[in-house]
Every structure is written in structure tokens, then in C-alpha cells.
Amino acid sequence: MEVQITRTKLIKPSAPTPPHLRILKLSPVDQIQYSIKPAALLYYSADCSAGAAEVERRINRLETSLSETLTRFYPLAGRYIEDGNWIDCNDEGVEYFVAKAKSCRLGEVLSRRDEMMDQLSHLAGGGFTSPVLSIQINMFDCGGLVIGIRVSHHLFDGFSAACFITSWATASRNGGIDDHKVISPTFDLTSFLPANGLRLPKMKPRPPLMGTDNGVTKRIVFDGAKISALRAISHDPSFPRKPSRVEVVTALIWRAHMGVSLAKHGRLRTSLAAHSMDVRTRIVPPLPPSSCGNLVSRATARFVAAESGAGNMEVPELKDLVGLLIGSMTKCKETAVTREDVFPTLLRTRNELHDAVEKGEVDVFMFTSWCNFPTYKIDFGWGKPVWVSRIHSGYEAATFLDTEGGDGIEAWLSFNKQDMPLFLQDKDILAFTSQEAL
């Protein structure tokens with residue numbers, strides 16, 4: 001697939017940002033995020049009922065509605081000032097690419113998703129550029145469309161990004177900003193969450209990026225029926241509740257990872273499974289609706305390996321890991337956090353994981369779930385997307401997305417290239433995932 005950029009421009013807010021909003025001081029948690037721009041791709045089939053003039057109108061509407069939406073999400077049109085840990089909301093503009101996918105139809109991409117995995121990054125654009133937000137509109141000869149979106153992790157977590165994308169899509173589809181349908185976000189977390197006297201941890205070196213030479217990303221798919229079977233066999237009467245689909249898929253991947261580690265080290269090692277969790281609903285008193293920024297904690301389940309003996313040579317039962325995950329995720333979801341404790345709590349959970357990684361004797365597996373985000377309802381005027389995807393990630397991690405039907409899970413896995421083949425041959429991975437994804 002050849003992707004040719006045909007136009008590049010900066011999209012500015014349709015109305016200037018007021019002077020008193022020019023400087024957005026990042027929160028302590030925003031400040032310690034790595035300088036990466038995670039990507040999401042939304043795929044739309046051609047609308048056969050739309051003529052060339054209507055398609056052109058919709059393409060133009062994407063641009064004008066983005067400009068209108070930026071008046072509310074104004075920091076996205078600014079620039080990150082690393083030395084001062086703030087966003088200069090100068091309305092310089094969002095990086096906006098228009099591209100043409102040549103000699104390839106969207107149907108070919110969708111029918112060969114795993115073969116095309118390494119090429120999807122060409123549809124995202126703006127990976128290592130300075131603007132906070134980069135967008136690429138990719139048009140296919142068949143009339144299909146792919147919208148690639150990258151946003152700096154210094155400013156947004158997944159919840160915040162979903163708020164922006166949904167708002168932009170609503171403005172594009174409805175022909176303008178409607179106060180009743182487009183949210184009014186808030187950005188100044190430091191005015192609601194005290195940070196006085198809080199000592200930031202010394203920034204640790206960024207983990208080395210995995211290039212295509214030593215890292216690989218694969219997609220494995222758990223359909224709804226297989227997840228239902230997993231939930232049935234992994235439940236135990238002693239559990240306080242039935243396991244969720246995210247918990248059982250996490251447990252299965254965690255267990256397979258343990259098998260890889262056992263093969264590499266000749267013994268089972270203590271390991272942690274850390275899931276990103278939104279803390280917004282746990283903050284007391286509540287924050288304003290649609291508070292944007294990084295408000296993510298880690299629910300960390302710990303399996304402690306025996307120091308010697310037979311227990312040191314066998315991976316634990318799936319039920320045991322599910323029980324650990326239910327415990328850690330339930331505690332994280334149900335524990336209220338006062339506004340005064342939000343930043344100290346988030347920093348503490350982050351540092352605990354970094355310390356475990358640095359010691360080197362503990363395996364740490366990172367998970368993020370986009371499940372239950374309204375990704376398959378995001379309609380820019382082309383209807384609902386037929387697929388939502390990630391691209392290759394430079395860090396070892398697993399990201400979960402809903403399947404189109406909503407009951408399955410696509411797991412996007414970025415691992416060391418040497419470890420991936422052994423992981424994919426795990427008997428439970430083979431038994432519970434779609435073979436086309438392998």
C-alpha cells in the first residue's frame with residue numbers, strides 16, 4: 001500500500017483563544033508522561049449513495065468542524081513547552097494531512113488486516129512531530145476513508161482523547177457545534193487537585209523504543225463465544241463476583257507471558273500485571289464533567305513465585321490469576337480518592353512499577369483497555385466505522401479494543417521479536433483466539 005501525502009496544513013481554532021487561557025500548566029501526572037503520540041485509526045466504508053460533490057462537501061466539513069471543535073479543545077492547537085512543563089495555547093494549529101492511498105482498496109486492507117499490520121503506520125501521520133495533535137485523512141480510490149489521529153500523552157489520556165474525537169465527529173456530522181451535543185471540556189486540573197508541596201519523582205530514562213528490528217506488534221482476536229467459555233471455566237465460587245471479559249483475557253495473556261519467561265529463565269519469576277484505570281469516577285468531591293488530562297492509575301496484580309521446588313517450574317492455574325486480577329481491579333475501582341490524594345496516589349502507583357522494572361528480577365506486563373469506549377459509534381458523516389485499530393507500538397504492552405460486534409476483544413500486543421513466536425504457540429492462545437490473527 002502506497003500512501004501519498006497530497007496536502008499539509010495547520011488547522012487553527014475558528015475563534016482565537018482568550019489571552020487568560022494562553023498558558024496551561026500541566027499537572028504533576030501530565031509532566032511525567034513520556035513524549036509519545038499514541039495513534040488511533042478509524043476506517044469507514046464508501047457511501048455508495050453519495051456523489052462526488054457530496055463526498056467533497058464531507059471532506060471539507062471535516063476540516064471546518066475540526067477548526068470549530070478546537071475552540072473548545074484549544075490546548076490541542078498549541079505547543080508543548082518541555083522546559084517549563086506547560087502548553088502554550090497559541091493557536092498555532094493542529095497538524096493536518098490529506099493523503100491518497102494508491103493501488104489499494106479499503107476492502108483489501110480489511111481482508112488482510114494482519115498482513116498489512118506493518119503498513120498501518122503510514123495512515124497515522126505525525127508520529128514524532130512537535131504539534132500536540134496530528135491528524136491524517138486518507139482517501140481510497142473505492143471511496144473508503146481512514147482517519148488517523150495522534151495526540152500527545154503529555155496532555156491527554158484515553159478518556160480525554162475519546163471526548164475530543166467524539167466531539168469532532170458530532171460537529172462534522174451535524175454541520176456545526178451544538179451546545180447540547182458537544183461537550184465543554186475543562187483542562188486546568190491543577191486548579192481542582194492540590195499539588196502544593198508535592199515532590200515530583202526524578203524522571204527515569206525512557207525505556208528504549210523497540211524498532212522493527214527487535215520489536216513486533218501482533219493482533220489476536222477473542223470472539224464473544226470464546227470469551228464466554230473463558231469466563232465460565234475461570235470462575236470460582238470464592239470470587240466476590242464473576243470475572244469480566246477484560247479480566248479473563250488479561251489473565252490468559254499474562255499466563256502465556258509467564259510461560260515465555262519460564263522458558264527464557266529456566267524458572268518461574270514473580271510477575272506483575274498492571275492495568276490502566278480511569279480514576280475520575282472515584283474522586284471525592286467529583287471533578288467537573290469531561291475533565292481532560294492524565295487521570296489514570298494502575299491496578300496491579302502480583303503473582304509471587306516460589307523460590308524453589310516444583311512450584312518454581314509450573315505456571316499458575318488460570319483461575320488463580322483471574323482471582324488476583326479481580327482483587328486488584330475491584331480495589332482500584334471501589335476505593336475513593338480525595339482531591340488532595342489524587343496526584344500522590346497516581347505518582348506512587350507509577351513509581352512502584354518503575355522500581356519493579358529497574359530491579360530486573362520481576363516481570364512486569366502492562367495492559368490498557370479501550371473496551372467500552374464508544375469507538376464504533378464515532379460517525380463523521382460516513383456512518384459508523386467498520387474497524388478501529390492501533391499501530392505498532394514501540395513499548396512492550398498489550399492494548400485491548402472492542403471487536404465491531406462489541407462482545408469480543410482485539411488484543412494488540414507489542415513484544416520483543418524473539419518472544420512473540422513462543423507466546424503465539426501457547427496452547428491456550430491457540431485455543432481461544434481466531435486463527436486468522438495468528
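## Salt bridges and helix packing in a predicted model

The side chains of Glu-410 and Arg-219 come together in a salt bridge, with N and O 3.1 Å apart. Glu-410 belongs to strand β17 (residues 409-416) and Arg-219 to strand β9 (residues 215-222), so this pair ties together parts that are 191 residues apart in sequence. Both partners, Glu-410 and Arg-219, are buried. The structure described here is a predicted model.

### Salt bridges

Side chains of opposite charge can pair when their charged atoms come close. With a cut-off of 4 Å between a side-chain nitrogen of Lys or Arg and a carboxyl oxygen of Asp or Glu, the count for this model comes to 21 salt bridges. Three of them are set out below.

| Salt bridge | N to O distance |
|---|---|
| Glu-410 and Arg-219 | 3.1 Å |
| Glu-63 and Lys-9 | 2.6 Å |
| Arg-79 and Glu-92 | 3.6 Å |

Glu-63 forms a salt bridge with Lys-9. Because Glu-63 lies in helix α2 (residues 52-69) and Lys-9 in strand β1 (residues 2-11), the pair connects parts that are 54 residues apart in sequence. Are these two residues buried or exposed? Glu-63 has a relative accessibility of 15% and therefore counts as buried, while Lys-9, at 32%, counts as partly exposed. The reasoning rests on a cut-off: buried means under 20% relative accessible area, and exposed means over 50%.

Arg-79 and Glu-92 also meet through their side chains in a salt bridge. This pair links distant parts of the chain, 13 residues apart: Arg-79 is in strand β4 (residues 79-81), and Glu-92 is in the loop between β5 (86-88) and β6 (94-102). Arg-79 has a relative accessibility of 10%, so Arg-79 counts as buried. Glu-92 has a relative accessible area of 34% and is partly exposed.

Salt bridges can also be joined to one another in this model, as a network of them links Asp-47, Glu-54, Arg-57 and Arg-58.

Helix α7 (residues 318-334) has 17 residues, which at 1.5 Å a residue should span 24 Å; the C-alpha atoms at its ends are 24 Å apart, so the two values agree. The buried residues of α7 are Leu-318, Leu-321, Val-322, Leu-325, Ile-326, Ser-328, Met-329, Thr-330 and Cys-332. An α-helix has 3.6 residues a turn, so residues three or four places apart point the same way. Which elements cover the buried residues of α7? Among them are α5 (224-234), α6 (245-265), β10 (271-278) and β12 (296-303).

### Contacts of helix α5

The axes of α5 and α7 come within 9 Å and cross at roughly 90 degrees. This angle makes α5 roughly perpendicular to α7. Leu-230, Ile-233 and Ser-234 of α5 make the contact with Leu-318, Lys-319 and Val-322 of α7. By type, the residues of the contact of α5 with α7 are four nonpolar, one polar and one charged.

For α5 and α6, the axes come within 9 Å and cross at roughly 80 degrees. Helix α5 is therefore roughly perpendicular to α6. In this contact, Ile-227, Leu-230, Arg-231 and Ser-234 of α5 meet Arg-245, Val-248, Val-249 and Leu-252 of α6. The residues of the contact of α5 with α6 comprise five nonpolar, one polar and two charged.

Notes. Residues are numbered from 1 along each chain as its sequence is written. This is a predicted model: local features need pLDDT of at least 70, side-chain atom pairs count only at pLDDT 80 or more; totals for chains, interfaces and linings use all residues. Side-chain values use heavy atoms; hydrogens and water are left out. Helices (H or I, at least four residues) and strands (E, at least two) are DSSP runs, numbered from the N terminus. The expected span of a helix is 1.5 Å times one less than its number of residues. Buried means under 20% relative accessible area, exposed over 50%, partly exposed in between (1.4 Å probe, protein chains only). Contact means heavy atoms within 4.5 Å. Axes are lines fitted to C-alpha atoms, for helices over the stretch in contact, and angles run from 0 to 180 degrees between N-to-C directions. Angles under 35 degrees count as roughly parallel, over 145 as roughly antiparallel, 65 to 115 as roughly perpendicular and the rest as oblique. Ala, Val, Leu, Ile, Met, Phe, Trp, Tyr, Cys and Pro count as nonpolar, Asp, Glu, Lys and Arg as charged, and the others, Gly among them, as polar.
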